[in-house]
Amino acid sequence: MHTLHQDLGVPPAVNASGKMTALGGSVLGEGIIAAMSDAARHHVVMDDLTTAVGREIARATGTEDGCPTTGAASGVAIAVAAVIAGTDLSRIEALPDAGDAPCEVILPRGHSVHFGAPIRQMIALGGGRPVEVGSANKVTADHLSGAIGPRTAALLYVQSHHAVQKGMVTLAQTIEAGRRHGVPVIVDAAAEEDLRHWPATGADLVIYSGGKAVGGPTSGMICGSAALMAACRAQYNGIARPMKVGKETLFGLVQALREYGSATPGGHRARMEKLAARLAELPGITTRVVADEAGRDIHRTELTVDAEGAGRDATRLAAELAAHGIHLRDHQSLTGRLYIDPRPLRPDEEERLVAQLTALLEGEGR
Ligand SMILES: *Cc1c(COP(=O)(O)O)cnc(C)c1O
């Protein structure tokens, strides 16, 4: 069979590295694909659909209302625009020029992350002026409170493995500071798995990616109070217009949220124990199963590569596998460690990975 993958010369990749935007986000389940093709077959009143999807987001997150987005990145821009312009059409149409409205968005310096693009830029897209406080590895509640003033529009808290994990002001302290000064708190929880936990902390606007933990199409969402979500959706008449979400994506996101609610997370530990035992037989490789560094219910197989025994170091081994279309989690390869993430990996792809790794380490070219 001739496929577009072949025509384009871009074959499907085996993803053992996790939820990676660079590898296309999530592979979709059949139910989600069916929902998206159903959407593609009909016209629909988009404003009504967007409002209805907001209700589905509210149900999944335990909030009053929601706003669908193209991703968590646009979610940040739209949330910032919403706290600056509200539902005032003139202000909405003037953004990213905030005029005389308060527009400073305060964030801990250790949260000023790059997730593929800088979060500062997403704040600026929404008309905000990022104000980083403290140092890269030390930010206290006093840093936040001291920076809050009449020009403050919001506090931003980034819940992510990208952020500095120690020495930072806590979310509880951030919310307390926001409450005390009457300033809304935005939480970017893009890749988090527990959709109800982060709004329950008292944060005013919480942002998730739809293509990461939720396993949906490339999409995202904001959730929070009815008033703030109305303000978020109103931005589609302004800066969010070039970030509009198509009907197919909206249907896919809803179906993914419904399936996510009924799925049991985790459960990959036993599978990874088996894989680790198999790969430990290979020359130059030692393995163990490790829990996620950000505390999510994910277990990965860690490979430690002994360059002498394996005939190449971890970085080179990862590159050789990638050349065969197999992508491991390699951000720590300089320390000699590679990781296999079970979530996006089908059993047949896992076998392909084992076979290719065995061929490289035991076969020719050693
Ligand atoms: C991935 C990520 C984003 C961007 O999410 P998209 O859905 O790809 O737009 C934003 N913030 C953080 C912390 C992320 O990890």
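1. Of its 42 lining residues, Lys 19, Met 20, Thr 21, Phe 115 and Lys 212 are the closest to the centre. For the terms: a pocket is an open set of points on a 1 Å grid over the protein atoms alone, where a 1.4 Å probe fits, with protein on both sides within 12 Å along at least five of seven lines, and lining residues have an atom within 4 Å of a point. Volume is the space filled by probe spheres set on the points, with points joined across faces, edges and corners.

2. Keep in mind that this is a predicted model: local features need pLDDT of at least 70, side-chain atom pairs count only at pLDDT 80 or more, and totals for chains, interfaces and linings use all residues. Numbering runs from 1 along each chain as its sequence is written, and side-chain values use heavy atoms, leaving out hydrogens and water.

3. Back to that second largest pocket: β11 (326-328), α4 (72-85) and α14 (314-323) each give two or more residues to its lining, and β11 gives the most, with 3. Helices (H or I, at least four residues) and strands (E, at least two) are DSSP runs, numbered from the N terminus.

4. The largest pocket holds about 1,400 Å³ of space. It has 44 lining residues, and Lys 19, Ser 26, Val 27, Gly 215 and Arg 343 lie closest to its centre. α11 is the top contributor to this lining, with 6 residues.

5. Domain 1 (4-23 + 266-362) and domain 2 (43-261) each supply at least three residues to the lining of the largest pocket. The bounds come from an automatic or database domain assignment.
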